[in-house]
Amino acid sequence: MQIRPAAALTGALIGMSALFLPTAAAQADGHPHHHTVTVAHRGASGYAPENTLAAVDAADELGIDWVENDVQRTKDGELIVMHDTTLSRTTNVEEVFPDRAPWNISDFTLDEIEKLDAGSWFGADFQGETVPTLEEYMDRVSDNHQKLLLELKSPELYPGIERQTLRELRREGWLDHRHKRRLIVQSFNAEAMRTVHRLRPDVKTGFLGTPAVADLPEYAEFSDQINPSYKTIDADYVAAVRAVDGAHGKPLEVYTWTVNDGPSAVSVAGMGVNGIITNKPDVVRDALDDAS
């Protein structure tokens with residue numbers, strides 16, 4: 001199958017009255033208010049260093065059920081949680097290992113990465129926060145009774161990471177019947193999502209991006225969600241996505257990113273999205289509650 005490049009779409013404001021018209025998905029969701037899931041992007045990354053255990057706990061303290069993270073692999077084959085493919089932006093790697101530029105994750109062992117400070121860049125209160133392994137991250141999410149939107153970040157750099165991640169999820173109990181309802185695996189890489197669906201067709205998957213409407217049936221063969229930037233969508237696009245049944249026979253969902261202010265959250269919720277991914281989940285949740 002040939003998947004054409006994602007087509008960016010121009011967003012359009014819709015009437016405020018639409019904010020008060022529940023979609024079929026909202027009615028099925030059963031929430032008493034706005035029916036839109038709020039997902040803490042890289043944890044509550046507006047309040048704690050992204051992709052750390054502190055960010056998971058910050059989301060929990062705000063009462064947010066869903067957290068999102070990014071998974072990559074070290075030189076010695078261990079899975080860690082970090083967004084960038086290099087260590088330089090969110091750790092002190094340039095100080096600890098000054099001669100190791102460009103500081104790619106894949107050039108460092110887990111032992112070396114665990115020596116780094118992944119919190120001080122964000123604030124002095126987080127000095128000494130470490131880069132978590134995927135196992136540590138999942139344990140904290142489990143301890144907090146939260147749910148996980150797991151992104152395979154740049155899987156093309158890490159051959160076999162799809163199978164390895166699924167193996168780790170299974171070992172930690174995240175592929176049993178109870179946990180599978182609390183897990184979504186997503187990626188910008190369509191082939192990675194195809195591989196995850198082939199290996200574990202029971203796992204819910206999402207494609208990150210804004211495919212052309214004509215291509216949606218092809219993505220639906222291996223996806224349950226289409227998860228675009230909120231700047232690339234409008235109500236018509238969301239409706240077109242929702243009109244297609246995904247890999248598990250239910251209408252494709254839309255989780256959009258990264259929305260950090262109330263008015264934008266209200267606008268995209270009015271388009272009919274199922275979820276909003278945000279650095280400030282309390283701001284988004286409260287704005288949606290107020291609007292409803």
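The points below go from the overall fold to single residues.

1. Ground rules. This is a predicted model, in which local features need pLDDT of at least 70 and side-chain atom pairs count only at pLDDT 80 or more, while totals for chains, interfaces and linings use all residues. Residues are numbered from 1 along each chain as its sequence is written, and side-chain values use heavy atoms, with hydrogens and water left out.

2. Overall picture. You will find twelve helices and nine strands in the protein; helices (H or I, at least four residues) and strands (E, at least two) are DSSP runs, numbered from the N terminus. Of its 292 residues, 53% count as buried, where buried means under 20% relative accessible area, exposed over 50%, and partly exposed in between (1.4 Å probe, protein chains only). Among contacts with a separation of 6 or more, 63% are between residues 24 or more positions apart; a contact means heavy atoms within 4.5 Å. The protein exposes about 12,700 Å², with carbon and sulfur atoms supplying 50% of that area (Shrake-Rupley method with a 1.4 Å probe; for residues, only the protein chains shown count as cover).

3. Strand E8 and its neighbours. E8 (residues 253-256) pairs in the parallel sense with E7 (residues 225-227) over two bridges, and E8 also pairs in the parallel sense with E9 (residues 275-278) over two bridges. Pairing here requires that DSSP finds at least two bridges between the strands.

4. The crossovers. E7, helix H10 (residues 235-242) and E8 make a right-handed β-α-β unit, and E8, helix H11 (residues 262-270) and E9 make a right-handed β-α-β unit as well. Right-handed means that, with the strands pointing away from the viewer, the path from the first strand over the helix to the second runs clockwise.

5. Are the faces of E8 covered or open? Both are covered: Glu253 and Tyr255 are buried on one side, and Val254 and Thr256 are buried on the other.

6. Glu253 forms a salt bridge with Lys204, the closest N and O atoms being 3.0 Å apart. The pair links distant parts of the chain, 49 residues apart, with Lys204 in the loop between helix H8 (190-199) and strand E6 (205-208). Glu253 counts as buried at 19% relative accessibility, whereas Lys204 is partly exposed at 25%.

7. Helix H5. Which residues of H5 (residues 134-143) are buried? They are Leu134, Tyr137, Met138 and Val141. These residues lie on the same side of H5 because they cover an arc of only 95° around the axis, the arc being that of the directions from the helix axis to the C-beta atoms. They pack against helices H2 (53-61) and H6 (161-171) and strands E2 (66-73), E3 (79-81) and E4 (147-152). Just after H5, His145 takes a positive phi of about 60°.

8. Salt bridges elsewhere. The model has 14 salt bridges, counted when a side-chain nitrogen of Lys or Arg is within 4 Å of a carboxyl oxygen of Asp or Glu. In one of them, the closest N and O atoms of Glu50 and Arg89 are 2.7 Å apart. That pair spans 39 residues, from the loop between strand E1 (37-40) and H2 to the loop between E3 and helix H3 (93-96). Glu50 is buried at 12% relative accessibility, and Arg89 is partly exposed at 37%. Arg42, Glu50, Asp84 and Arg89 are linked in a network of salt bridges.

9. Backbone spots to check. Arg42, a member of that network, is not a glycine but has a positive phi of about 55°; Arg42 is buried, with a relative accessible area of 13%. Ser154, in the loop between E4 and H6, has a positive phi near 50° and is buried at 19% relative accessibility.

10. Cis peptides. A cis bond joins Ala101 and Pro102, with omega about 10°; Pro102 sits in the loop between H3 and helix H4 (110-113). The peptide bond from Trp257 to Thr258 is also cis, with omega near -25°, and Thr258 lies in the loop between E8 and H11.
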